[in-house]
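This report is written for a reader who is new to reading protein structures. Please look over the sequence and the model before reading on.

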Amino acid sequence: MIKRFFRNTKGIIKRELTGYFESPVAYVFMIIFLMLCGFFTFSVSDFYELGQADLRAFFQWHPWMFLFLVPAVAMRLWADERRTGTIELILTLPITLTEAILGKFLAAWMFIGMCLLLTFPLVFTVIYLGDPDLGAIFCSYFGSFMLAGAYLSVGSMTSSLTRNQVISFVLAVVICLFLVLAGWPPVTEILSGWAPIWFVDLVSGFSFIPHFTSMERGLVDLRDIVYYLSLISFMLFVNGVVLLNRRAS
């Protein structure tokens, strides 16, 4: 049973990754992602002017870049299948719905991970310029990867709701923006002006930002990992419920 699960999931992952690189979409996304990373790091954040051999100027923009780029990857996961009618074929294949959802999600997550790996020359840049804390840098990469997975799970869920990719994209951006702003310092400062501390902590606890900034500082807390995995699991569960209802209808 377990062997079959991994075999089927692996097959879905291979199918999805092949689909990415058989079209120019993957390459266009990579180029845009790398160009935005370079622009925000070196132009907007004045990387060289800061005089610090670290990548905080690079990672601080990830929650905002992912806000638009990751939903753009996720919007086709299920919406495109519904538009072309291939979702009916997938749901009748000798695979479970869990295998299909997990396979498509992991393939997209791996693709985003590849994009992050392409930014690795920045690490050699800061090593050349000074003596950076490599542990903090690798923790930041891990946190960025987990953050991308959280965004992606939201996008996968919204993609299952509609056959229109644009609607899926907009819904994912709105939900992710809420989860970003809930813990954004200006928002928490406004809340702390009239709300009790426990309420501010509760709201910010749902946000991506505190969990990401914790890893960005080089601290990998088990609570942050549990948060991301719980959010991903919940969104994929809702994804499955939506598809099950579609199958039943």
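This is a predicted model: local features need pLDDT of at least 70, side-chain atom pairs count only at pLDDT 80 or more; totals for chains, interfaces and linings use all residues.

Residues are numbered from 1 along each chain as its sequence is written, and side-chain values use heavy atoms, with hydrogens and water left out.

## Charged pairs

Side chains of opposite charge can pair when their charged atoms come close. A salt bridge here is a side-chain nitrogen of Lys or Arg within 4 Å of a carboxyl oxygen of Asp or Glu. The structure holds 4 salt bridges, and the table gives some of them.

| Salt bridge | Closest N and O atoms |
|---|---|
| Glu-16 and Arg-76 | 3.9 Å |
| Lys-104 and Glu-16 | 3.0 Å |
| Arg-223 and Asp-221 | 2.8 Å |

Helices are DSSP runs of H or I with at least four residues, strands are runs of E with at least two, and both are numbered from the N terminus. Lys-104 is in helix H8 (residues 97-117), so its pair with Glu-16 in H1 joins parts 88 residues apart in sequence. Salt bridges link Arg-15, Glu-16, Arg-76 and Lys-104 in a network.

How covered are these side chains? Buried means under 20% relative accessible area, exposed means over 50%, and partly exposed is in between, using a 1.4 Å probe and protein chains only. Glu-16 is buried at 4% relative accessibility, and Lys-104 is buried at 2%. Arg-76 is partly exposed, with a relative accessible area of 25%. Arg-223, from the pair with Asp-221, is exposed at 63%.

Lys-104 also has an aromatic neighbour: it lies over the face of Trp-78, at 5.0 Å from the ring centre. For this, NZ of Lys or CZ of Arg must be within 6 Å of the ring centre and within 35 degrees of the ring normal.

## Aromatic rings

Rings of Phe, Tyr and Trp (its six-membered ring) pair if their centres lie within 6.5 Å; planes under 30 degrees apart count as stacked, over 60 as edge-to-face and the rest as tilted. The structure holds 20 aromatic pairs.

One of them is the stacked pair of Phe-40 and Trp-61, at 4.7 Å centre to centre and with 25° between the planes. Phe-40 lies in helix H2 (residues 25-44) and Trp-61 in the loop between helix H4 (56-59) and helix H5 (62-74), so the pair ties together parts that are 21 residues apart in sequence. Trp-61 is partly exposed, with a relative accessible area of 22%.

Phe-66 and Tyr-151 have ring centres 6.3 Å apart and planes at 75°, so this pair is edge-to-face. The pair links distant parts of the chain, with Phe-66 in helix H5 and Tyr-151 in helix H10 (residues 134-159), 85 residues apart. Both Phe-66 and Tyr-151 are buried. They belong to a cluster linked by ring pairs, which also includes Tyr-20, Phe-21, Tyr-27, Phe-29, Phe-33, Phe-111 and Phe-208.

## Helix H14

Phe-208 is also one of the buried residues of H14. Helix H14 (residues 208-216) is mostly covered, with 7 of its 9 residues buried. Among them are Ile-209, His-211 and Phe-212. Ser-207 caps the N-terminal end of H14, where a side-chain oxygen lies 3.1 Å from the backbone nitrogen of Ile-209. After H14 comes Gly-218, whose phi is positive, near 95°.

## Cysteines

How many disulfides are found in the whole structure? A disulfide is a pair of cysteine sulfur atoms within 2.5 Å, and the search finds 0. The sulfur of Cys-115 is 9.0 Å from the closest cysteine sulfur, in Cys-37, which is too far for a bond. Cys-139 is in no disulfide either, since the nearest cysteine sulfur, that of Cys-37, is 19 Å away. Cys-115 is buried, with a relative accessible area of 1%, and Cys-139 is buried at 16%.

## A distant pair

Val-241 is in helix H15 (residues 222-248) and is partly exposed at 33% relative accessibility. Val-241 and Leu-97 are 144 residues apart in sequence, and their C-alpha atoms are 9.9 Å apart in space.

How values were computed
A polar contact is a pair of N or O atoms within 3.5 Å; within protein, one must be able to donate a hydrogen and the other to accept it, and residues adjacent in sequence count only if both atoms are side-chain atoms.
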